[in-house]
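Trainee: I am new to this structure. Please show it, and then let me ask about the terms.

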Amino acid sequence: MNKDLYILGIETSCDETAASIVKNGHEIVSNVVASQIQSQKRFGGVVPEIASRHHVEQITLVLEEALREAGLTPADLDAVAVTEGPGLVGALLIGINAAKAFAFANSLPIIGVHHIAGHVYANQLMQPMEFPLLALIVSGGHTELVVMKEHGHFELIGETRDDAAGEAYDKVARVLGLPYPGGPHIDRLALESDRAVEFPRAWLEPDSYDFSFSGLKSAVINYRHNLEQRGETIDPHHVAAGFQESVVEVLTAKTLKAARQYKVKQVIAAGGVAANKGLRSSLEATFEKEGIPFYVPPISLCTDNAAMIAAAGSSMFEAGVRGNMEMNGRPGMPLTSWNS
Ligand code: KG4
Ligand code: ZN
């Protein structure tokens with residue numbers, strides 16, 4: 001009889017302290033997220049030292065809660081998967097050291113997971129992946145198009161040349177005087193708006209799957225300055241709608257083009273910006289018309305969580321990947337395949 005596989009996931013790369021237990025790679029048995037957003041809001045962004053301090057305070061509680069919610073003991077687990085990078089090094093180290101201590105105390109193997117592989121594997125918690133698969137990863141630190149031929153195989157075909165999509169959302173939100181994190185606020189204003197300011201689209205070279213958002217951000221700043229010089233007030237709704245239209249149109253068009261070129265069987269979206277309602281409905285409509293299955297996780301699994309780390313960790317565990325006690329936080333960790 002095959003024993004069930006239970007993986008404990010730990011995520012502390014940015015401003016969420018999270019632990020989760022996932023059964024057989026796709027079933028969430030517990031999922032605990034302690035967010036620091038309320039406290040980071042005061043500073044208009046994530047302050048690394050404060051993030052680390054929060055993680056230290058929360059990690060033990062969150063770990064205990066993940067076990068309690070699952071009704072499991074450490075003896076039931078098969079491995080500990082932890083975000084190894086990329087992220088804030090001080091924040092990563094809290095999760096990694098907790099994972100090492102837990103693994104050592106309970107004689108469990110430890111697996112270092114790439115944060116973006118985690119975001120991609122959030123989809124595995126909803127439905128099985130089918131390959132070849134195209135993933136659009138849009139988060140606070142990443143904007144990437146990745147083709148997967150099989151589990152654990154990642155081919156990067158496009159990425160941002162400057163700001164990440166979420167970073168652009170957060171910066172434009174600040175220009176509009178909206179609280180951190182700005183993405184959900186811009187999303188809401190854009191949906192409420194009856195008009196959109198026309199902003200440029202950064203298509204780059206015709207055959208490129210790369211992205212660029214800094215020009216769009218500058219266009220929003222210039223628009224505001226021009227209005228201010230003329231003594232007019234800015235309408236945040238119209239700016240939010242125009243900004244979101246530009247971002248969504250470019251992300252959708254490049255994802256569609258790549259899906260056709262790579263003849264993929266499934267398209268998925270992942271990362272915090274995949275929570276965006278405008279982006280979700282644009283991608284859904286586009287791929288429904290195209291006849292390619294498109295999936296995006298529920299919003300709670302788009303933003304940072306540990307279930308996605310446990311899901312990716314499960315796939316790595318099954319592929320025989322194991323880390324060791326030398327593991328360190330890797331702020332600039334590249335996304336490499338564990339199956340090639
Ligand atoms: O994946 P995530 O939780 O953390 C990183 O790994 O970066 O993504 C956070 C980002 C933030 O920039 C936030 O503004 C953005 O996701 N975000 C959104 C929405 N919800 C979160 N951006 C646009 N629309 C949203 N609804
Ligand atoms: Zn993330």
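Mentor: What follows is a set of questions about terms and their cut-offs. This is a predicted model, in which local features need pLDDT of at least 70, side-chain atom pairs count only at pLDDT 80 or more, and totals for chains, interfaces and linings use all residues. Residues are numbered from 1 along each chain as its sequence is written, and side-chain values use heavy atoms, with hydrogens and water left out.

Trainee: Why is His-114 called buried?

Mentor: Buried means under 20% relative accessible area, exposed over 50%, and partly exposed in between (1.4 Å probe, protein chains only). His-114 has 6% relative accessibility, so His-114 counts as buried.

Trainee: What makes H5 roughly antiparallel to H8?

Mentor: Helix H5 (residues 165-175) and helix H8 (residues 236-261) pack at an angle of about 170°, their axes 11 Å apart. Axes are lines fitted to C-alpha atoms, for helices over the stretch in contact, and angles run from 0 to 180 degrees between N-to-C directions. Angles under 35 degrees count as roughly parallel, over 145 as roughly antiparallel, 65 to 115 as roughly perpendicular and the rest as oblique. Therefore H5 is roughly antiparallel to H8.

Trainee: How do you know that Arg-68 forms a salt bridge with Glu-65?

Mentor: A salt bridge is a side-chain nitrogen of Lys or Arg within 4 Å of a carboxyl oxygen of Asp or Glu. For Arg-68 and Glu-65, the closest N and O atoms are 3.0 Å apart.

Trainee: Why is Arg-68 called exposed, and Glu-65 partly exposed?

Mentor: Arg-68 has 59% relative accessibility, so Arg-68 counts as exposed. Glu-65, at 26%, therefore counts as partly exposed.

Conventions
Chains are lettered from A and ligands numbered from 1 in the order in which they are written. Helices (H or I, at least four residues) and strands (E, at least two) are DSSP runs, numbered from the N terminus.
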